[in-house]
Number of protein chains: 2
Amino acid sequence: MSDLPTLAQVAAAAGVSPATASRALSGSVRVSTATRRQVYDAMSRLGYVRHRAPRGVSARRQVAAITAVICDHLPRLFSEPFYTRFLSAANAVLEEHGTQLMMATVSPTATTVPSFTGPVLLLGARERHPLPIALSASGIPLLCIGRPPDSLRLPYADVDNRDGARQAAEHLLLSGRQRLTVIAGPPQLSVTRDRIAGFTRLTREAGLPDPLVAYGDFTAASGAHAMQWLLSHAPGLDAVFACSDPMAAGALQTLRRARRAVPEQVSVIGFDDAPIAQRTVPALTTVRQPVEELASVATRILLSGEMRRDPILPTELVVRASA
Amino acid sequence: MSDLPTLAQVAAAAGVSPATASRALSGSVRVSTATRRQVYDAMSRLGYVRHRAPRGVSARRQVAAITAVICDHLPRLFSEPFYTRFLSAANAVLEEHGTQLMMATVSPTATTVPSFTGPVLLLGARERHPLPIALSASGIPLLCIGRPPDSLRLPYADVDNRDGARQAAEHLLLSGRQRLTVIAGPPQLSVTRDRIAGFTRLTREAGLPDPLVAYGDFTAASGAHAMQWLLSHAPGLDAVFACSDPMAAGALQTLRRARRAVPEQVSVIGFDDAPIAQRTVPALTTVRQPVEELASVATRILLSGEMRRDPILPTELVVRASA
């Protein structure tokens with residue numbers, strides 16, 4: 001295994017100074033989104049892991065296995081594109097390191113949780129669920145994907161959900177939409193709260209009332225159902241921001257049945273930039289989240305054992321036909 | 001947890017004598033397929049586990065976790081319907097028992113394999129791969145899904161692949177097809193060899209030359225490619241037996257592009273009865289394999305720790321429109 005790249009190399013590859021690269025990685029607001037993206041792109045390209053121990057101080061132990069523990073129903077592991085993308089990318093990094101990926105699901109309604117040994121990547125952690133608390137109490141190396149629930153002080157890696165939702169709201173407002181609605185994920189997830197917060201902050205700045213929110217579970221079926229609910233409670237809506245691409249695809253189905261033209265009458269924006277976003281009719285305008293990069297960065301951090309800061313990877317609006 | 005049902009209860013539920021039920025479970029050829037199916041249906045319905053220890057002799061230990069080790073590329077875990085169905089059904093049984101399902105993939109090209117602790121369900125084991133040998137040497141409780149490779153003497157559970165393929169050949173011959181071809185899975189899998197053997201045995205009995213065989217990897221893309229290869233090497237073919245439904249769906253695409261009408265000019269039969277079989281055009285005639293029952297039976301056997309005989313679950317031709 002070759003040596004990991006230094007921050008100076010990342011900065012050089014990104015075309016910025018080491019000080020700027022360092023600020024970008026610490027999430028400083030003094031660094032523009034574009035610069036942060038350049039730094040993260042370079043980081044991802046070079047396989048940079050932040051804050052590794054100084055040379056010679058701790059020879060990194062070879063980790064035999066990392067377990068991805070997913071707080072979701074097992075069949076969702078196979079149907080949700082986020083998991084497919086995340087786990088495939090995490091596995092690619094682990095294979096390079098000769099480390100085995102183990103996967104386990106824990107039901108969102110579980111009241112007791114199994115114990116795990118070895119480092120854990122925790123996905124889908126929910127508020128008031130025993131899993132994150134049990135894992136953090138067990139003393140095993142743990143990295144949360146997404147901001148930890150219940151204000152637990154756990155190391156984590158996340159994408160910039162607030163800014164992604166902000167970009168979606170901005171795009172809708174700039175195209176003249178006034179009656180905005182949201183199809184959110186489960187309210188127990190920090191990702192849901194962050195996306196609603198980022199969206200609502202901008203609509204408030206624009207002097208609009210808070211958007212009506214319907215909650216789904218990230219599936220297409222829940223998106224179709226939530227869209228039906230929104231149409232009956234806000235018949236004059238002219239835009240919907242769905243917090244996942246499958247839910248946006250479901251919303252498109254409902255709108256087609258309700259004979260609401262997209263984007264002429266209703267603008268639809270998804271979140272993910274999953275493969276499905278290019279296959280919907282019309283093709284989906286969506287917030288791209290760098291799932292593969294998130295998996296890669298998180299896995300490298302967990303492998304390095306140095307989890308002192310929490311990277312937030314940038315998100316980006318991808319404009320297609322639906323908004 | 002309530003007591004497990006007895007073989008006598010299974011026999012009563014199946015409407016057969018206990019002796020017949022016992023013969024059915026031992027795979028005796030003196031029991032008709034229909035009777036065997038009745039017994040297995042009853043077994044599955046009642047949650048019967050064969051050859052559990054006599055009462056009081058061994059209180060079964062609670063198993064904390066079972067690991068499903070899948071010898072395949074990780075992204076295939078998410079795209080292959082067999083895995084989705086199998087793992088979801090296995091997980092449902094384990095949840096009832098308060099046991100955690102862990103999942104891990106091992107690359108088919110791996111030359112070294114990680115070690116696992118606790119009972120293992122082994123899926124996709126291949127000839128001349130280090131995984132089954134390493135697992136069997138490790139002394140952990142192990143159950144192979146499908147006949148073990150390399151003639152290893154491992155406990156296993158399987159579906160009747162030979163008989164399923166035999167039924168497919170019989171259906172094609174009875175409908176007057178003469179130029180039969182096969183799209184098989186990877187040749188390193190016992191399931192592939194069993195399906196080819198069951199199919200070829202009947203075509204030989206009918207006095208036909210052995211069918212031309214193209215090998216795929218169970219994916220739709222590989223089925224489309226294999227169909228192309230068969231058309232160029234056996235342009236006069238009038239039937240194809242694809243060893244998975246996704247491969248059959250891929251074959252249908254190629255035949256459509258080649259303007260060969262299905263089933264008028266070419267009959268197509270798949271294997272699985274996966275959800276996709278009802279969505280192809282025309283709908284797929286296919287060999288149903290009881291994946292959920294296989295998962296349930298295998299998981300219960302592994303939980304019970306009593307693995308003295310190897311159940312073979314019956315398969316069944318489901319006739320739709322493609323053959």
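A:Thr285 is buried, because its relative accessibility is 0%, and buried here means under 20%. The residue sits in strand β10 (residues 285-288) of chain A. This is a predicted model.

**A:Thr285 and its surroundings**
- Leaving out residues up to four places away in sequence, A:Thr285 touches several residues, among them A:His171, A:Val268, A:Ile269, A:Gly270 and A:Leu317.
- The contacts of A:Thr285 also include A:Arg320, whose backbone nitrogen lies 2.8 Å from a polar atom of the A:Thr285 side chain.
- A:Asp245 is 40 residues from A:Thr285 along the chain, and the C-alpha atoms of the two are separated by 9.3 Å.

**A:Asp238, a buried charged residue**
- A:Asp238 is in the loop of chain A between α9 (220-233) and β8 (239-242).
- A:Asp238 is buried but has no salt bridge.
- A polar atom of the A:Asp238 side chain lies 3.0 Å from the backbone nitrogen of A:Gln178.
- Not counting residues up to four places away in sequence, A:Asp238 touches A:Arg177, A:Gln178, A:Arg179, A:Leu180, A:Gln265, A:Val266 and A:Ser267.

**Interface of chain A and chain B**
- In this interface, 21 residues of chain A are in contact with 21 residues of chain B.
- The area buried between the two chains is about 1600 Å², and carbon and sulfur atoms give 70% of it.
- A:Leu74, A:Phe78 and A:Met103 supply 40% of the area that chain A buries against chain B, more than any other three residues.
- On the side of chain A that touches chain B, α4 (74-79), α5 (81-96) and β2 (100-105) each supply at least two residues.
- There are zero salt bridges between chain A and chain B, while three residue pairs are in polar contact across the interface.

**Salt bridges**
- Side chains of opposite charge can pair when their charged atoms come close.
- Over all chains, the whole structure has 26 salt bridges.
- One of these joins the side chains of A:Asp194 and A:Arg147, at 2.6 Å from N to O.
- This pair links distant parts of the chain, 47 residues apart: A:Asp194 is in helix α8 (residues 190-205), and A:Arg147 is in the loop between β4 (142-145) and β5 (156-159).
- A:Asp194 is buried because its relative accessible area is 5%, whereas A:Arg147 is partly exposed at 30%.
- A:Glu205 and A:Arg201 also meet in a salt bridge, at 3.5 Å.
- A:Glu205 and A:Arg201 both lie in helix α8 of chain A, four residues apart, about one turn of the helix.
- Residues three or four places apart in an α-helix point the same way, because the helix has 3.6 residues a turn.
- Both A:Glu205 and A:Arg201 are exposed.
- A:Asp72, A:Arg76 and A:Glu80 form one network through salt bridges that share partners.

**Helix α7 of chain B**
- Helix α7 (residues 161-174) of chain B has 14 residues and reaches 20 Å from its first C-alpha to its last, close to the 20 Å expected at 1.5 Å a residue.
- Its buried residues include B:Asn161, B:Asp163, B:His171 and B:Leu172.
- Just after α7 of chain B, B:Gly176 takes a positive phi of about 90°.

How values were computed
Residues numbered from 1 in each chain as written. Chains lettered and ligands numbered in written order. Predicted model: local features only at pLDDT ≥ 70, side-chain atom pairs only at ≥ 80, totals over all residues. Heavy atoms only, no water. Buried < 20%, exposed > 50% of the residue type's maximum accessible area, 1.4 Å probe, protein only. Lys, Arg positive; Asp, Glu negative; His and termini not counted. Salt bridge = Lys/Arg side-chain N within 4 Å of Asp/Glu carboxyl O. Polar contact = N/O pair within 3.5 Å; in protein donor to acceptor, adjacent residues only side chain to side chain. Contact = heavy atoms within 4.5 Å. Expected span 1.5 Å × (residues − 1). Buried area = accessible area lost by both parts, 1.4 Å probe.
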